Amino acid sequence: QDQLAESGGGLVQAGGSLRLSCAASRRTAINYVMGWFRQAPGKEREFVAAISWSSGSTYLSDPVKGRFTISGDNAKSTVYLQMNSLKLEDTAVYFCAAKEAPYYRSPYYYTTVSDYDYWGQGTQVAVSS
């Protein structure tokens, strides 16, 4: 079973940047889709971004488009979430997730919690004013 470990969270001022990392415990297959979700206090877990290892294509949610970037290093089985221009509303626990998917299927199709098979424990991101 894959295990995922997030890192890179912390406290940052509004307008600042953070980069989150998610490392898999073993080599993830080329047909994996890796995703990032977040959960703010009292709210449901929501999709942030995803990347397909097989195609390299990415998909980001509307609230983070233009500010966040998802990328990955398949050789290291590590996916990154670069977060720029952070806002107060970005404060949440950020979770990494993974799933096997058909080759070259767009990550657009994998934006719900139930789509993913493996999850990390999460890393806290707090944005202050």
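Rings of Phe, Tyr and Trp (its six-membered ring) are taken to pair if their centres lie within 6.5 Å, with planes under 30 degrees apart counted as stacked, over 60 as edge-to-face and the rest as tilted. The model is predicted, so that local features need pLDDT of at least 70 and side-chain atom pairs count only at pLDDT 80 or more, whereas totals for chains, interfaces and linings use all residues. Residues are numbered from 1 along each chain as its sequence is written, and side-chain values use heavy atoms, with hydrogens and water left out.

Tyr-59 is partly exposed, with a relative accessible area of 25%, and Tyr-108 is partly exposed at 46%, where buried means under 20% relative accessible area, exposed over 50% and partly exposed in between (1.4 Å probe, protein chains only).

Tyr-116 and Trp-119 form an edge-to-face pair, at 6.1 Å centre to centre and with 65° between the planes. Tyr-116 is buried, with a relative accessible area of 5%, while Trp-119 is partly exposed at 24%. One aromatic cluster is formed by Phe-37, Phe-47, Tyr-59, Tyr-108, Tyr-109, Tyr-116 and Trp-119.
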